[in-house]
Amino acid sequence: MRKIFQTRLFGRTSHLYLLFVLFLSVFLSPSASGYDWNRDYGVNASVARDDNFRLSETDPVDTTSTSLGVYADLQGTSEISSLRFTIGASGTQYSDSSIEDSENYYLALATTY
């Protein structure tokens, strides 16, 4: 018996393939070879305490939050144009169970001529 594997069109793995193709197209395009390429990447983390998260005088919510984020930035410049690609993700977790944890993702592509 043969197994057939199916992938979701908009699943997480397809996003990784899309990013790979985007990076590859930037480096293989003829105009991209004239750029001076710079890259920047990093991780940020924080721990915070909030004694009144919802800003309510009647029912203050005391919580501690932990955040973790990562980002990567690729920028190419020439005398007449620039190309910038940024990708990142961050997440915040709260100690109080009534506050929903958050996840944020971003992707940016900017060009100038």
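Which residue stands opposite Gly76 in β3? It is Leu83, and the views below place this pair within a predicted model.

**View 1. The whole chain as a predicted model.** Residues are numbered from 1 along each chain as its sequence is written. In this predicted model, local features need pLDDT of at least 70 and side-chain atom pairs count only at pLDDT 80 or more, whereas totals for chains, interfaces and linings use all residues, and side-chain values use heavy atoms, with hydrogens and water left out. The mean pLDDT (the predictor's confidence in each residue, from 0 to 100) of the chain is 82, with 72% of its residues at 70 or more. Over residues 1–11 the pLDDT stays under 50, and for this stretch the model has three contacts (heavy atoms within 4.5 Å) beyond four places in sequence. The chain holds one helix and four strands (DSSP runs numbered from the N terminus, helices being H or I of at least four residues and strands E of at least two), and these follow the pattern α-β-β-β-β along the sequence. Of the 113 residues, 20% are buried (buried means under 20% relative accessible area, exposed over 50%, and partly exposed in between, with a 1.4 Å probe and protein chains only).

**View 2. The open antiparallel sheet.** The four strands are arranged in the order β1-β2-β3-β4 with antiparallel pairing (two strands pair if DSSP finds at least two bridges between them). Strands β1 (36–50) and β4 (102–112) are the edges, each pairing on one side only. Strands of a sheet pair through backbone hydrogen bonds, either parallel or antiparallel.

**View 3. The β2–β3 hairpin and the loop residue Ile80.** Strands β2 and β3 pair in the antiparallel sense over 13 bridges, and a hairpin of four residues joins β2 to β3. Ile80 lies in the loop between β2 and β3, where it counts as exposed because its relative accessibility is 54%. Leaving out residues up to four places away in sequence, Ile80 touches Thr112 and Tyr113; the C-alpha atoms of Ile80 and Tyr113, although 33 residues apart along the chain, are separated by 5.8 Å.

**View 4. Val70 in strand β2.** Val70, which lies in strand β2, counts as partly exposed because its relative accessible area is 41%. When neighbours within four places in sequence are set aside, the contacts of Val70 are Gly42, Val43, Asn44, Ile87, Gly88, Ala89 and Tyr106. Val70 and Gly91 are 21 residues apart in sequence, and their C-alpha atoms lie 9.5 Å apart in space.

**View 5. The pairing of β3 with β4.** Strand β3 (residues 82–94) runs antiparallel to β4, to which it is joined by 11 bridges. Thr86 stands opposite Ala108 in β4, while Gly91 has Glu103 of β4 as its bridge partner.

**View 6. Asn52 in the loop between β1 and β2.** Asn52 is placed in the loop between β1 and β2 (63–77). The side chain of Asn52 reaches the backbone nitrogen of Ser56 at 3.1 Å. Residues up to four places away in sequence not being counted, Asn52 touches Pro60 and Val61.

Methods
Polar contact = N/O pair within 3.5 Å; in protein donor to acceptor, adjacent residues only side chain to side chain.
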